[in-house]
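Student: Could you walk me through how to read some features of a structure like this one?
Tutor: Happy to. Let's have it in view and take the features one by one.

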Amino acid sequence: MTRLARPCIAALLALSMTLSIAACDQPHMEDQAKYETFEAAPEWADDQSALTPVPGSVARDARLGPVPDELPMPLTAELLERGRERFNIYCSPCHARTGSGHGMVVQRGFPQPPTFHSERLRQAPLRHFYDVISDGFGVMYAYRDRVAPEDRWAIAAYIRALQLARHASLADVPADVRQRLKRGDATKVTP
Amino acid sequence: MAPLFRRRANSLAVVILVGILALLVAISVFAYVVYRSPYQTDVGYAPEQPVPFSHQHHVGGLGLDCRYCHSGVETSDFAGIPPTLTCMTCHSQEWTNAEMLAPVRQSLTTETPLSWTRVHDLADYVYFSHRAHVNNGVGCESCHGRVDKMPMTVQKAPLTMKWCLSCHRNPAPNLRPLDEITSMGYSPATDGASGQMLMQRYRIHPDTLKECATCHR
């Protein structure tokens, strides 16, 4: 029996040491000493790690030249597609997908914006829409922090397309697409 | 001399040995079940927020696109919690006296951000990027569930490594075309383009998705 006592004690000792190490308060890898995006940072301004840029900061990819008066990029189908996508995300809640100004948020009580299909706005230069997106207008807030300059031009171009489409006649449609329109599968027409 | 152990002891020894083994297995299984259960993965976690914001109302009811508020999702790793000004884009005119929106108005006047409680929190050793997913065919719904049916934002996916890998090993059945990324109720399996075609369109190579350094750096 005494022959076994020594290894037994050794084993018990080893076990208790392992357990006591495991019980130590180890740093948790899932919560490391670094700030994740927007993580709270006590004692920083507003206790947040995401700091506001100092006044006058310029983004690395910012365009510093004056804003051009006309569309600064070629008018392509891709640009209009991009414009449609961005318009439907950021503008359609109020302006509606058709540009009529009867969007869902307007239906819930937001003051109705003017339709894009009025004579005044049909004559307005694209730069007007660019500026309104950048700076807001009336009760409309500025969207400059959500819509990048290139996207503002794309939206402006798409608004023009909406205006033209509203006042277009069947004669404006290319002959091959006209047949498909008459058959009623207009939604399948790809630009 | 009488034997130290009776004959019965033989079978008793076997029972005890098997019993110890069975107990070990039972403990392991129990630990695994707990480890994968909502208790550990936080599935169903819907913490109270400073404002009872309802995705159901804004997405399901009004039809707002996810990107209207989470505007950084396509260009940065983090989808972005909207600043108070985004709320006020509409709420400067809508529900202007609602009691439940008082914290939003206070946040605007005092220029103090609302502090929302994070619902989806991955371990710090996982480097997840929203940009990498939404620009390559993974829809919001695939991980966040039907937010258009959530009055309170709730965690739907277990966010375990096993769960991540289930898609990284076989992404095709979960891919959507780019114009359906933010759609709710879209079924990648039955609606629209086939997974294999989308794999090619997005140039997805499944081998690279399984490398450790894809998620751990």
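This is a predicted model: local features need pLDDT of at least 70, side-chain atom pairs count only at pLDDT 80 or more; totals for chains, interfaces and linings use all residues.

Student: Is B:Ile20 buried, partly exposed or exposed, and why?
Tutor: Buried means under 20% relative accessible area and exposed means over 50%, with partly exposed in between. B:Ile20 has a relative accessibility of 48%, so it counts as partly exposed. Helix α1 of chain B also holds B:Tyr32, which is partly exposed with a relative accessible area of 42%. From B:Tyr32 to B:Gln56 there are 24 residues in sequence and 34 Å in space, C-alpha to C-alpha.

Student: Now helix packing. How do I describe a pair of helices?
Tutor: Two packed helices are described by the angle between their axes and by the distance between those axes. Here, helix α2 (residues 77-95) and helix α6 (residues 149-166), both of chain A, pack at an angle of about 95° with axes 7 Å apart.

Student: How are α2(A) and α6(A) oriented to each other, and why?
Tutor: Angles of 65 to 115 degrees count as roughly perpendicular. α2(A) and α6(A) are therefore roughly perpendicular to each other. On the α2(A) side the residues that meet the partner helix include A:Leu79, A:Leu80, A:Phe87 and A:Cys91. On the α6(A) side they include A:Ala154, A:Ile155, A:Tyr158 and A:Leu162.

Student: What should I look for in the backbone?
Tutor: Most residues other than glycine have a negative phi, and most peptide bonds are trans. A positive phi in a residue other than glycine is found at A:Glu43, with a value near 80°. A:Glu43 sits in the loop between α1 (2-22) and α2 of chain A, and counts as exposed at 78% relative accessibility.

Student: What is the phi of B:Trp95, and where does B:Trp95 lie?
Tutor: B:Trp95 has a positive phi near 55°. Its place is in the loop between α5 (84-91) and α6 (102-110) of chain B. With a relative accessible area of 61%, B:Trp95 is exposed.

Student: Are B:Arg176 and B:Glu141 buried or exposed?
Tutor: Both B:Arg176 and B:Glu141 are buried. Their side chains meet in a salt bridge of 3.0 Å, N to O. This pair links distant parts of the chain, 35 residues apart: B:Arg176 is in the loop between α9 and α10 (195-201) of chain B, and B:Glu141 is in helix α8 of chain B.

Student: Which residues are linked in a network of salt bridges?
Tutor: The network is made of A:Arg82, A:Glu85, A:Arg86, A:Asp151, B:Asp65, B:Arg67 and B:Glu74.

Student: Finally, what does B:Arg118 contact, leaving aside its neighbours within four places in sequence?
Tutor: B:Arg118 is in contact with A:Glu36, A:Thr37, B:Tyr45, B:Pro47 and B:Phe78. B:Arg118 belongs to the loop between α6 and α7 (130-134) of chain B, and is partly exposed, with a relative accessible area of 36%. For comparison, look at B:Ala157, in the loop between α8 (140-144) and α9 (161-168) of chain B. B:Ala157 counts as buried at 5% relative accessibility, and touches B:Val43, B:Cys143 and B:Trp163, not counting residues up to four places away in sequence.

Notes. Residues are numbered from 1 along each chain as its sequence is written. Chains are lettered from A and ligands numbered from 1 in the order in which they are written. Side-chain values use heavy atoms; hydrogens and water are left out. Buried means under 20% relative accessible area, exposed over 50%, partly exposed in between (1.4 Å probe, protein chains only). Axes are lines fitted to C-alpha atoms, for helices over the stretch in contact, and angles run from 0 to 180 degrees between N-to-C directions. Helices (H or I, at least four residues) and strands (E, at least two) are DSSP runs, numbered from the N terminus. Angles under 35 degrees count as roughly parallel, over 145 as roughly antiparallel, 65 to 115 as roughly perpendicular and the rest as oblique. Contact means heavy atoms within 4.5 Å. A salt bridge is a side-chain nitrogen of Lys or Arg within 4 Å of a carboxyl oxygen of Asp or Glu.
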